[in-house]
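This report describes selected features of helix packing. The sequence and the structure are shown first.

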Amino acid sequence: DDLRRQGSAANALGLLLYQQGRLAEARARYEEALRLAEEAGDRLGAVAALVNLTGLLVHHGLPDLARQAAERVRTLARDVGDRRGEALAIANIATLEEGHGRLAIATTLLDQALALFREIGDRPNEGLTLANLASIALSLGRYGQAQELAEAALAIHAEVGNRRLEGFTLN
């Protein structure tokens with residue numbers, strides 16, 4: 001139980017460091033949290049640490065490591081029944097596919113993540129996923145679809161009071 005608490009604290013510290021832009025330190029904390037969770041046999045804690053580590057790797061130019069971490073999270077989350085972790089892993093894989101220009105694959109994956117976010121009632125991530133789908137639709141020249149998706153995303157962002165994601169979607 002002590003290892004679980006230490007792992008949870010390391011993960012929370014990693015998130016704080018990430019928000020401050022201290023990426024190397026955040027990555028070290030996420031990796032520590034993962035190690036502690038695994039030592040404690042805390043599979044949900046491992047999913048939480050891996051989700052955060054994957055996000056850092058995806059958004060900071062380490063696609064190969066990000067892909068490995070995302071696939072690991074997807075499998076582990078599925079095994080423990082963590083639908084949110086599974087959806088986040090799928091969304092991260094979609095981001096990697098989009099970065100490689102594989103927009104059809106990214107769209108399919110985002111549709112899967114969207115279904116999971118809706119199933120569990122995760123409105124903030126539902127809105128973010130809709131915004132990502134709108135961006136892809138725009139890239140494909142599907143302007144009407146992009147507008148519909150962006151409007152749905154904006155409605156959710158407004159509903160949950162997330163001004164930052166409203167700005168992201170409008171961009």
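In which helix is Gly-7 found? In this predicted model, Gly-7 belongs to helix H1, which comprises residues 2-19. With a relative accessibility of 8%, Gly-7 counts as buried, because the cut-off for burial is under 20%. Beyond residues up to four places away in sequence, Gly-7 touches Ala-33 and Leu-36. The C-alpha atoms of Gly-7 and Ala-40 are separated by 8.8 Å, although these residues lie 33 residues apart along the chain.

Helix H2 covers residues 23-40. At 1.5 Å a residue, its 18 residues should span 26 Å, and the 25 Å between its end C-alpha atoms agrees with this. The buried residues of H2 are Ala-26, Tyr-30, Ala-33, Leu-34, Leu-36 and Ala-37. Viewed down the axis of H2, these buried residues fall within an arc of 170°, so they line one face of the helix. They pack against H1, helix H3 (43-59) and helix H4 (63-80). Just after H2, Gly-41 adopts a positive phi of about 70°.

Two packed helices are described by the angle between their axes and the distance between the axes. For H3 and helix H5 (residues 83-99), the axes come within 10 Å and cross at roughly 15°. H3 is therefore roughly parallel to H5, since angles under 35 degrees count as such. The crossing of H3 and H5 is left-handed. The residues that make the contact are listed below.

| Helix | Residues in the contact |
|---|---|
| H3 | Val-47, Val-51, Thr-54, Gly-55, Val-58 and His-59 |
| H5 | Gly-85, Leu-88, Asn-92, Thr-95 and Leu-96 |

Key. Residues are numbered from 1 along each chain as its sequence is written. This is a predicted model: local features need pLDDT of at least 70, side-chain atom pairs count only at pLDDT 80 or more; totals for chains, interfaces and linings use all residues. Side-chain values use heavy atoms; hydrogens and water are left out. Helices (H or I, at least four residues) and strands (E, at least two) are DSSP runs, numbered from the N terminus. Buried means under 20% relative accessible area, exposed over 50%, partly exposed in between (1.4 Å probe, protein chains only). Contact means heavy atoms within 4.5 Å. The expected span of a helix is 1.5 Å times one less than its number of residues. The arc is that of the directions from the helix axis to the C-beta atoms. Axes are lines fitted to C-alpha atoms, for helices over the stretch in contact, and angles run from 0 to 180 degrees between N-to-C directions. Angles under 35 degrees count as roughly parallel, over 145 as roughly antiparallel, 65 to 115 as roughly perpendicular and the rest as oblique. A crossing is left-handed if the near helix is turned anticlockwise from the far one by less than a right angle, and right-handed if clockwise.
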